[in-house]
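Me: I have a structure here that is new to me. Can we go through it in short questions?

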Amino acid sequence: MTQLGILKSLPIMPESFAFHSAFPNPFNPSTNIKFDLPEYSNVLLEVYDINGRIIKELYDGIMDAGYHSIVWNAQQSSSGIYFIKLRAGDFVNTQKVMLVK
């Protein structure tokens with residue numbers, strides 16, 4: 001028996017930009033990065049090390065409006081704290097993740 005009353009449906013299109021917490025975090029060796037785009041946008045998703053150096057460009061290009069998910073496989077990276085930065089149009093946000101090997 002299912003309980004349809006507790007299911008939450010997402011709107012067809014996001015109403016605003018959002019950068020959701022990476023999951024899992026801490027992670028080994030990969031984490032899922034989710035974000036919402038309310039409009040067609042130029043997207044740049046980068047990973048920085050603790051010293052502020054770019055170590056990985058996960059995406060650089062145009063994306064349609066909608067709900068998006070990108071996986072970062074950090075198998076070649078060392079354990080430590082990293083920062084994931086999302087830039088989409090005028091929206092910019094950064095979050096901290098921890099790779100534990």
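Me: What stands opposite Leu 44 in strand 6?
Reply: Arg 87 stands opposite Leu 44. This is a predicted model, where local features need pLDDT of at least 70, side-chain atom pairs count only at pLDDT 80 or more, and totals for chains, interfaces and linings use all residues. Residues are numbered from 1 along each chain as its sequence is written, and side-chain values use heavy atoms, with hydrogens and water left out.

Me: How many bridges join strand 3 to strand 6?
Reply: There are 6 bridges between strand 3 (residues 41–48) and strand 6 (residues 80–88), and the two run antiparallel. Strands here are DSSP runs (E, at least two residues), numbered from the N terminus, and two strands pair if DSSP finds at least two bridges between them.

Me: Which order do the strands of the open sheet take?
Reply: The order is 4-3-6-7, with antiparallel pairing. Strand 4 (54–63) and strand 7 (91–99) are the edge strands, each pairing on one side only. From one strand to the next, the twist averages 15 degrees; the axes are lines fitted to C-alpha atoms, and angles run from 0 to 180 degrees between N-to-C directions.

Me: How many helices and strands does the protein chain have?
Reply: The protein chain has 0 helices and 7 strands.

Me: New topic. Which side chain meets Asp 49 in a salt bridge?
Reply: That of Arg 53, at 2.9 Å, N to O. A salt bridge is a side-chain nitrogen of Lys or Arg within 4 Å of a carboxyl oxygen of Asp or Glu. The structure holds 1 salt bridge.

Me: Is Asp 49 buried or exposed?
Reply: Asp 49 is buried, because its relative accessible area is 10%. The cut-offs are under 20% for buried and over 50% for exposed, with partly exposed in between (1.4 Å probe, protein chains only).

Me: And Ile 50, buried or exposed?
Reply: Ile 50 is exposed, with a relative accessible area of 54%. This residue is found in the loop between strand 3 and strand 4.

Me: Back inside. Which residues touch the most other members of the largest nonpolar core?
Reply: Phe 19, Ile 33, Phe 35, Leu 45, Trp 72 and Ile 84, out of 21 residues in that core. A nonpolar core is a set of buried Ala, Val, Leu, Ile, Met, Phe, Trp, Tyr and Cys residues joined through side-chain atoms within 4.5 Å.

Me: Where does the largest share of this core come from?
Reply: From strand 6, which gives 4 residues.
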